[in-house]
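I opened my notebook to look up a few helices and a few single residues. My entries follow in the order I made them.

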Amino acid sequence: MTISVFLVEDNQRIRENLIPALADLCDAQVIATAESEREATHWLARHKGEWDLAVVDYFLKEGTGLGVVQWCIGRQPNQRVVVLTNFSNQTTRVACRRAGAERVFDKSTELEDFFAYCLNCEK
């Protein structure tokens, strides 16, 4: 079953690599992307219930992923939010979890775990 992904990532190269990888490895379709906290929260406000998984980077072009994750509080029970970042120290992980992220994955060392998580997401 294909999952609908909202990707919040400001690095174009990462987006260009992540989108086909999610499709190939996880049967996931990226339905929209955003590069800033403001852009992401505006999209989320207009598309409530239309996504299954939000994948959010911690550092964005403007604002942070924490604001995006916090905005997702109150989402539907089947909607999931994870943080995918290069900045995954313990402090960041705790802050993301407190903000409402289900999981935090390091882009450099935990991509395999991230894809396994996405593969197991159910609509």
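**Entry 1**

I began with R97, which touches E102 and R103 when residues up to four places away in sequence are not counted. Here contact means heavy atoms within 4.5 Å. I noted that this is a predicted model, where local features need pLDDT of at least 70, side-chain atom pairs count only at pLDDT 80 or more, and totals for chains, interfaces and linings use all residues. Residues are numbered from 1 along each chain as its sequence is written, and side-chain values use heavy atoms, with hydrogens and water left out.

I placed R97 in helix α4, residues 90-99. Helices (H or I, at least four residues) and strands (E, at least two) are DSSP runs, numbered from the N terminus. I also looked up V81, which is 16 residues from R97 along the chain. Their C-alpha atoms are separated by 9.9 Å.

Which residues of α4 are buried? I found T92, C96 and A99. Seen down the axis of α4, these buried residues fall within an arc of 65°, so they line one face of the helix. The arc is that of the directions from the helix axis to the C-beta atoms. Buried means under 20% relative accessible area, exposed over 50%, and partly exposed in between (1.4 Å probe, protein chains only). I then turned to the face away from the buried side, which carries the exposed residues Q90, T91, R97 and R98. The buried residues of α4 pack against α3, β4 and β5.

An α-helix has 3.6 residues a turn, so residues three or four places apart point the same way.

**Entry 2: F87**

I found F87 in the loop between β4 and α4. F87 has a relative accessible area of 38%, so I put it down as partly exposed. Leaving out residues up to four places away in sequence, F87 touches Y58, F59 and T92. Y58 is 29 residues from F87 in sequence, and the two are 7.3 Å apart in space, C-alpha to C-alpha.

**Entry 3: helix α2**

I moved on to α2, residues 37-46. Its buried residues are A40, T41, W43 and L44. They cover an arc of only 160° around the axis, which puts them on the same side of α2. R38 and R46 are exposed on the face turned away from that buried side. What do the buried residues of α2 pack against? I listed β1 (3-8), β2 (28-34) and α3 (65-71).

**Entry 4: α1 against α5**

I next compared α1 (residues 12-26) with α5 (residues 111-119). They pack at an angle of about 55°, with their axes 9 Å apart. Axes are lines fitted to C-alpha atoms, for helices over the stretch in contact, and angles run from 0 to 180 degrees between N-to-C directions. α1 and α5 are therefore oblique to each other. Angles under 35 degrees count as roughly parallel, over 145 as roughly antiparallel, 65 to 115 as roughly perpendicular and the rest as oblique.

I then listed the residues that meet. From α1 there are L18, A21, L22, L25 and C26; from α5 there are F114, F115, C118 and L119. By class, this contact of α1 with α5 has 9 nonpolar, no polar and no charged residues. Ala, Val, Leu, Ile, Met, Phe, Trp, Tyr, Cys and Pro count as nonpolar, Asp, Glu, Lys and Arg as charged, and the others, Gly among them, as polar.

I checked the buried side of α5 too. F114, F115, Y117 and C118 are buried. Down the axis of α5 they fall within an arc of 155°, so they line one face of the helix. On the other side of α5, E112 and L119 are exposed. The buried residues of α5 pack against β1, α1, β3, β4 (80-85) and β5 (103-106).

**Entry 5: V55**

Is V55 buried or exposed? At 1% relative accessibility, V55 counts as buried. I found V55 in strand β3, residues 53-56. Apart from neighbours within four places in sequence, V55 is in contact with V5, F6, L7, V8, V82, L84 and F114. V5 and V55 are 50 residues apart in sequence, and 7.1 Å apart in space, C-alpha to C-alpha.

**Entry 6: D27**

I ended at D27, in the loop between α1 and β2. Its phi is near 50°, a positive value in a residue other than glycine. D27 counts as partly exposed, at 36% relative accessibility.
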